[in-house]
Amino acid sequence: QEQLVESGGGLVQAGGSLRLSCQVSGRFISRSDMGWFRQAPGKEREFVAAISWGGRSTSYTDSVKGRFDISRTNAQNTVSLQMNDLKPEDTAVYYCNFLNDWRTKKPADYWGRGTQVTVSL
């Protein structure tokens, strides 16, 4: 059974930075596209960023382009999300997951607990 454990969230002022990490166990990520998603209060979970299995391709939702950077370390079975110039609208619980489809960014069905990111003015 795969387990995804997200960490690195916290409270930060607008304009600040955070680096999220996702440790995966029970399944190697090396042949899988991976993604980050987020869910704000009262909203549906949405796609944030994706990285192909070899790390050569990345994809971002428009609102985070130029501010967020996704990376992966296959040898450590981890995926990271560097978030810079954070805005209050980035406040959400952030999750990582395997991607079932690169084109649609459809995630796998199971989720970790996520990590809370709160950005204050």
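The exercises below concern a predicted model. Local features need pLDDT of at least 70, side-chain atom pairs count only at pLDDT 80 or more, and totals for chains, interfaces and linings use all residues. Residues are numbered from 1 along each chain as its sequence is written, and side-chain values use heavy atoms, with hydrogens and water left out.

**Exercise 1.** Determine where D90 lies and whether D90 is buried or exposed.

Solution. Step one: D90 sits in the loop between β8 (78-83) and β9 (92-101); strands are DSSP runs of E, at least two residues, numbered from the N terminus. Step two: D90 counts as buried because its relative accessibility is 1%; buried means under 20% relative accessible area, exposed over 50%, partly exposed in between (1.4 Å probe, protein chains only).

**Exercise 2.** Find which side chains make polar contacts with the side chain of R38.

Solution. Step one: locate R38 in strand β4 (residues 34-39). Step two: apply the cut-off, a pair of N or O atoms within 3.5 Å; within protein, one must be able to donate a hydrogen and the other to accept it, and residues adjacent in sequence count only if both atoms are side-chain atoms. Step three: the R38 side chain reaches that of E46 at 2.7 Å and that of D90 at 3.0 Å. R38 counts as buried because its relative accessibility is 5%.

**Exercise 3.** Sort the side chains of strand β1 (residues 3-7) by face.

Solution. Step one: in a regular strand, side chains alternate between the two faces of the sheet. Step three: the bridge partner of S7 in β3 is S21.

Conventions
Helix = DSSP H or I, 4+ residues; strand = E, 2+ residues; numbered from the N terminus. Pairing = 2+ DSSP bridges.
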